[in-house]
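Reader: Could you walk me through this model, starting with the charged side chains? I'd like the cut-offs spelled out as we go.

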Amino acid sequence: MKWHHVQENWSAFYEAILDRWPDADEAELDEIDGDQRAFILYLTELSGQEVEEIRAEIREWLSGELPSDVVMDPRHDNHSIALSQKYVPDGEDEYDDDSRFGDDS
């Protein structure tokens, strides 16, 4: 995952952040609001580690999976649908009703 995923869905990452950095505080995370530099500085102060160590930890953390709250976000779904456009035949809208396939109620 990339930092823009984190920034765009900041509050959905709280649980994953708290799992990785249990001493972090949600109120402080609210203040950071997805700002990567502020997050790095916050973790540096919180842990007493050097900036480069924190950046390495964040890179490692970013190599993980997107939290389910982010994956289930409607904006993520709509983006995925829009990306599927390249697999839809010309003249058909990727948002068209697909009831003929039996998966709509």
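Author: In this predicted model, the side chains of Arg-20 and Glu-57 meet in a salt bridge at 3.4 Å, N to O, where a salt bridge is a side-chain nitrogen of Lys or Arg within 4 Å of a carboxyl oxygen of Asp or Glu. As a predicted model, it has local features reported only for pLDDT of at least 70 and side-chain atom pairs only at pLDDT 80 or more, while totals for chains, interfaces and linings use all residues. Residues are numbered from 1 along each chain as its sequence is written, and side-chain values use heavy atoms, with hydrogens and water left out.

Reader: Which parts does the pair of Arg-20 and Glu-57 tie together?

Author: Arg-20 lies in helix H2 (residues 14-20) and Glu-57 in helix H5, so the bridge ties together parts that are 37 residues apart in sequence. Helices here are DSSP runs of H or I with at least four residues, strands are runs of E with at least two, and both are numbered from the N terminus.

Reader: And is Glu-57 buried or exposed?

Author: Glu-57 is buried, with a relative accessible area of 14%, whereas Arg-20, at 30%, counts as partly exposed. Buried means under 20% relative accessible area, exposed over 50% and partly exposed in between, with a 1.4 Å probe and protein chains only.

Reader: How many salt bridges does the structure hold?

Author: The structure holds two, and besides the Arg-20 pair there is one between the side chains of Glu-52 and Arg-55, at 3.0 Å, N to O. Glu-52 and Arg-55 are three residues apart in helix H5, so about one helical turn separates them, and Arg-55 is partly exposed at 36% relative accessibility.

Reader: Switching to packing, at what angle do H4 and H5 pack?

Author: Helix H4 (residues 36-47) and helix H5 (residues 51-62) pack at about 115°, with their axes 9 Å apart; axes are lines fitted to C-alpha atoms, for helices over the stretch in contact, and angles run from 0 to 180 degrees between N-to-C directions. That makes H4 roughly perpendicular to H5, a class covering 65 to 115 degrees, with under 35 roughly parallel, over 145 roughly antiparallel and the rest oblique.

Reader: Which residues make that contact?

Author: H4 contributes Phe-39, Ile-40, Leu-43, Thr-44 and Ser-47, and H5 contributes Val-51, Ile-54, Arg-55 and Ile-58, contact meaning heavy atoms within 4.5 Å.

Reader: What about the chain overall, how many helices and strands?

Author: The chain comes to seven helices and zero strands, and buried residues make up 26% of its 105 residues.
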